[in-house]
Amino acid sequence: MEIKYVWCVKTHIVSDYETITDEVRLFNSLENAVRFFGEVVDEERRLATENEWVIEYDDKYNFEAYEEGYYAKNHSCISLFEIPIE
């Protein structure tokens with residue numbers, strides 16, 4: 001039996017202790033998932049740079065940035081991964 005996959009982009013963004021986004025989006029094509037991931041990461045990278053946040057991860061599957069010493073108050077986490085479906 002062939003295993004099929006969906007691709008998931010999980011986004012968790014907190015600003016001033018308030019959850020702005022806590023979202024899971026599923027895609028049936030890697031291309032669409034990568035495009036969406038890139039759009040979200042580009043915006044969060046721009047904001048993190050403007051606010052002088054620490055960028056902990058920034059690769060093709062993960063982005064994480066936070067205000068140094070205040071992770072719980074301000075952070076952005078975006079990840080891209082595949083999930084097998086039956």
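Residues are numbered from 1 along each chain as its sequence is written, and side-chain values use heavy atoms, with hydrogens and water left out. Because the model is predicted, local features need pLDDT of at least 70 and side-chain atom pairs count only at pLDDT 80 or more, while totals for chains, interfaces and linings use all residues.

Ser-76 counts as buried because its relative accessibility is 0%, where buried means under 20% relative accessible area, exposed over 50% and partly exposed in between (1.4 Å probe, protein chains only). Its side chain makes a polar contact of 2.5 Å with the side chain of Glu-44; such a contact is a pair of N or O atoms within 3.5 Å, and within protein one must be able to donate a hydrogen and the other to accept it, residues adjacent in sequence counting only if both atoms are side-chain atoms. Neighbours within four places in sequence aside, the residues in contact (heavy atoms within 4.5 Å) with Ser-76 include His-12, Trp-53 and Phe-63.

Phe-63 leads on to the largest nonpolar core, a set of 14 residues in which Val-9, Ala-33, Phe-37, Phe-63, Ile-78 and Leu-80 touch the most other members. A nonpolar core is a set of buried Ala, Val, Leu, Ile, Met, Phe, Trp, Tyr and Cys residues joined through side-chain atoms within 4.5 Å. At least two residues of this core come from each of β1 (4-15), α1 (30-50), β4 (62-66) and β5, and α1 gives the largest share, six residues.

The structure also holds six salt bridges, each a side-chain nitrogen of Lys or Arg within 4 Å of a carboxyl oxygen of Asp or Glu. One of them joins Lys-10 and Asp-22, whose closest N and O atoms are 3.6 Å apart, and this pair links distant parts of the chain, with Lys-10 in strand β1 and Asp-22 in strand β2 (residues 18-27), twelve residues apart. Lys-10 is partly exposed at 33% relative accessibility, whereas Asp-22, at 54%, is exposed.

Within helix α1, Asp-42 and Arg-45 are three residues apart and therefore separated by about one helical turn; their side chains meet in a salt bridge of 3.1 Å, N to O. Asp-42, Arg-45 and Asp-58 are linked in a network of salt bridges.

Technical notes. Helices (H or I, at least four residues) and strands (E, at least two) are DSSP runs, numbered from the N terminus.
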